[in-house]
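Here is a short briefing on one structure. It covers a strand and its neighbours, then aromatic contacts, then a pocket.

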Amino acid sequence: MTSQPPTSLLQSFTYPSSAGPLYQIQWTRLGPQDAQPLIFVHGTPWSSRLWAPYALALSRKYSVYLFDNPGYGQSRLLTPAATAEFASNGPLTKQAEITAALFRHWGLTRPPHVVAHDNAGLVTLRTILQHGCVYKSVTLIDVVAVGPWGLPFFKLVAENEDVFKAIPAGMFDGIVRSYVRDAAYKPLRKEDEDRLAEPWVSGDGRPGQEGLVHVLKQASMRVSEDVEVEYHKVGESGLPVRIIWGKQDKWVPYERAEKLKNLIGGKSEVVLVEGAGHLIQLDQPERLMAEIVTFLAEVDASS
């Protein structure tokens with residue numbers, strides 16, 4: 001029998017527990033149970049796989065939590081109502097609600113560190129401001145959290161939803177891989193490209209082609225104005241915030257890092273990483289790990 005990788009998402013959380021739009025979140029925990037909690041949150045169109053090497057390395061010191069967001073990777077939309085709700089939830093208010101519920105489900109006894117990438121930045125900030133989540137620190141990495149929003153490709157998919165759902169599988173595979181490669185500054189290794197594309201181009205219960213169309217349609221409707229005006233409360237709370245950005249990010253230009261820092265204020269700081277695009281985890285893994293470890297250590301030492 002083949003053993004499961006340590007970062008396999010073998011635990012399930014269903015939200016809500018009553019009838020209605022149902023979401024199933026797959027998650028796992030690594031490292032010492034009684035250690036300082038650390039949560040990694042992925043964005044669009046990724047999954048927890050992007051954070052798996054970082055989670056595994058840091059599980060020597062931290063109690064690390066990994067999960068797939070609803071509608072991504074192994075986390076399923078269990079009812080047609082959930083699918084419809086997900087596809088139209090551009091502001092990510094529902095995702096923030098589910099994420100906050102998942103964190104409460106874990107029953108953490110002390111505030112966790114949170115490391116968020118892409119639209120997980122907006123989700124994380126909403127969990128703080130709209131759901132009362134308390135964190136020890138927040139690391140925001142090439143995040144989608146301030147406008148202007150969206151890639152032209154998102155709008156193209158949203159306006160031609162049925163066409164993209166009907167594209168033959170082989171052609172769609174090429175579109176997905178081209179989209180994934182565009183996020184990186186450096187050429188991706190074949191195994192990394194396969195790992196990131198696989199949930200959208202395979203069967204076996206994964207979101208697949210229709211799932212990615214829903215994700216991109218949702219992204220075309222992204223808005224954050226309602227919560228951007230509240231970001232200053234995060235800074236005023238004294239929460240340590242580190243903003244890390246790939247200098248060559250084509251998807252979310254690095255100028256957004258300074259804009260976000262100015263909105264948050266407080267203890268927020270910006271670190272720009274040369275030679276990295278939106279997929280900074282793969283473009284500059286050693287530098288990103290060093291920045292994360294250093295920041296977490298600074299916060300731990302000061303508390």
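Strand β8 (residues 241-246) is mostly covered, with six of its six residues buried. Buried means under 20% relative accessible area, exposed over 50%, and partly exposed in between (1.4 Å probe, protein chains only). This is a predicted model: local features need pLDDT of at least 70, side-chain atom pairs count only at pLDDT 80 or more, and totals for chains, interfaces and linings use all residues. Residues are numbered from 1 along each chain as its sequence is written, and side-chain values use heavy atoms, with hydrogens and water left out.

- Strands (E, at least two residues) and helices (H or I, at least four) are DSSP runs, numbered from the N terminus.
- V241, I243 and W245 point one way from β8, while R242, I244 and G246 point the other way, and all are buried.
- Strand β7 (residues 137-143) runs parallel to β8, and four bridges join them; two strands pair if DSSP finds at least two bridges between them.
- In this pairing, T139 stands opposite R242 of β8.
- Strand β9 (residues 269-273) also runs parallel to β8, joined by five bridges.
- Here I244 stands opposite V271 of β9.
- From β8 the chain crosses through helix α12 (residues 255-264) to β9, a right-handed β-α-β crossover.
- Right-handed means that, with the strands pointing away from the viewer, the path from the first strand over the helix to the second runs clockwise.

**Aromatic rings**

- Rings of Phe, Tyr and Trp (its six-membered ring) pair if their centres lie within 6.5 Å; planes under 30 degrees apart count as stacked, over 60 as edge-to-face and the rest as tilted.
- The count by this rule is 17 aromatic pairs.
- The ring centres of F13 and Y15 are 6.3 Å apart and the planes lie at 35 degrees, so this pair is tilted.
- Both F13 and Y15 are buried.
- One aromatic cluster is formed by W27, Y65, F67, F103, W106 and Y135.
- K247 places its charged end over the ring of Y254, 5.1 Å from the ring centre; the rule asks for NZ of Lys or CZ of Arg within 6 Å of the centre and within 35 degrees of the ring normal.

**The largest pocket**

- On a 1 Å grid over the protein atoms alone, a pocket is an open set of points where a 1.4 Å probe fits, with protein on both sides within 12 Å along at least five of seven lines; lining residues have an atom within 4 Å of a point.
- The largest pocket is lined by 19 residues, and P5, T7, S8, R49 and Q74 lie nearest its centre.
- Helices α1 (52-58) and α8 (190-201) each supply at least two lining residues.
- The largest share, three residues, comes from α1.
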